[in-house]
Amino acid sequence: MYIYADHAATTKLSERAAKVYLQTAQEVYGNPSSLHSTGQRAQEVLTECREQIAAILGASPREIYFTSGGSESDNQAILSAAYAGAKKGKRKLISTAIEHHAVLHTLKKLQKEGFEVVLLPVGTNGIVDVKDVEAAIDDSTALVSVMFANNEIGTLQPVAEIGALCRKRGVLFHTDAVQAVGHVPVNVKELSCDYLALSAHKFSGPKGVGVLYCRTGAPLTSLIEGGAQEKHKRAGTEDLPAIAAMTEALKESVADMGATSVMLRHLQDRLIDGLSKIPHCALNGDREKRLPSNVSFCFEGIEGESLLLLLDEKGICASSGSACTSGSLDPSHVLLAIGRVHDVAHGSLRLTLGAENTEEEVDYLIQSVEEVVAYLRGMSPVWRDLQEGKRQYIL
Ligand SMILES: *Cc1c(COP(=O)(O)O)cnc(C)c1O
């Protein structure tokens, strides 16, 4: 058995996107900046991609900037808003404790440059309270940045309400929608956002390509200097094969979204119900307000790392949190933010499903996790202490 259940980390390139990638690379190989017909053909394809992505997001093509992915888009949005704010004496940046490191580390860098960074807490359900955002906004606020959907626990944030609030208060709003685009409906008008980040490899497009949506009129500074590409906001010859494949993957994901999410909800329910039967465990994040693909649990008395290795031996690709933190011994900042204590946060497991997963695979996942958790607990001194009453169960 081989089961890929780590779709929040990355996805396999879809057949159609792969075909478009190869075709574009071999047939539309001109440089879109070249004046000859081969270059102009590439420019046409680039324009079509921009129009199609804009239409899907409810944006104007002029508001779509192609980047190298989610991290770059997050960096550019936050730095642009911060530096524009500083020019007006606004140095406060508001975000949440559960953001992706692409956001958190950019904010940390700005904090070192003298910006005031406020990271709002989330409830034990993994959702930020709009009232906390409202209370944090003041005249010195340059930017609010709140992710659409969390990459570790899948919780959906009240981004449309936050966007409306920011618009009303005249504060720029960025949303990291990397986990959402292609999976749930995303429309920049409904979100009232000024910036939005997306990444192709999270919806069966290629790695290393993404989009920054920047509303017309919102400040935008370039991170890469050079040629005049992307209206002087992102230099470098466009990766047209990747952009075309991303566009194809996005169209495909959006067309299949309704059916896929119904199917995923069903698998998610089955997986959550099955895993909940394991003693002393808990689902991470709100049961309802979450991506249909995400199942995240903590199991008391075990180490997530060992769990992953043993699951891998059974042919299962899973994660303990985000791919970015694996390899480090620090427990996930997201799990700590929802109130999990260190020991419990270490026993985490994230299974993220995709359209190709089946009911049979979900049943195998349940059975395998059950077996591996029981096996690890059998060897765990912490578990023995819990069983002997020398320690109190938390879950
Ligand atoms: C994956 C991810 C990113 C980073 O995107 P890359 O394209 O890999 O740079 C940013 N934010 C979230 C929420 C993500 O899941």
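## Terms and model

Helices (H or I, at least four residues) and strands (E, at least two) are DSSP runs, numbered from the N terminus. This is a predicted model, in which local features need pLDDT of at least 70 and side-chain atom pairs count only at pLDDT 80 or more, while totals for chains, interfaces and linings use all residues. Residues are numbered from 1 along each chain as its sequence is written, and side-chain values use heavy atoms, leaving out hydrogens and water.

## Around the ligand

Let's begin with the ligand.

Next come the polar contacts (pairs of N or O atoms within 3.5 Å). An N or O atom in the side chain of S199 is 2.6 Å from a ligand oxygen. For K202, a polar side-chain atom lies 2.7 Å from an oxygen atom of the ligand, and for H201 the distance is 2.9 Å. Taken alone, the ligand exposes 380 Å² (Shrake-Rupley method, 1.4 Å probe), and the protein buries 87% of that.

## Where does the largest pocket lie?

The largest pocket lies between domain 1 (3-9 + 257-387) and domain 2 (15-252), because both give residues to its lining. The domain bounds come from an automatic or database assignment.

Helix α9 (240-276) and strand β1 (3-4) each give two or more residues to the lining of the largest pocket, and α9 gives the most, with 8 residues.

Conventions. Polar contact = N/O pair within 3.5 Å; in protein donor to acceptor, adjacent residues only side chain to side chain.
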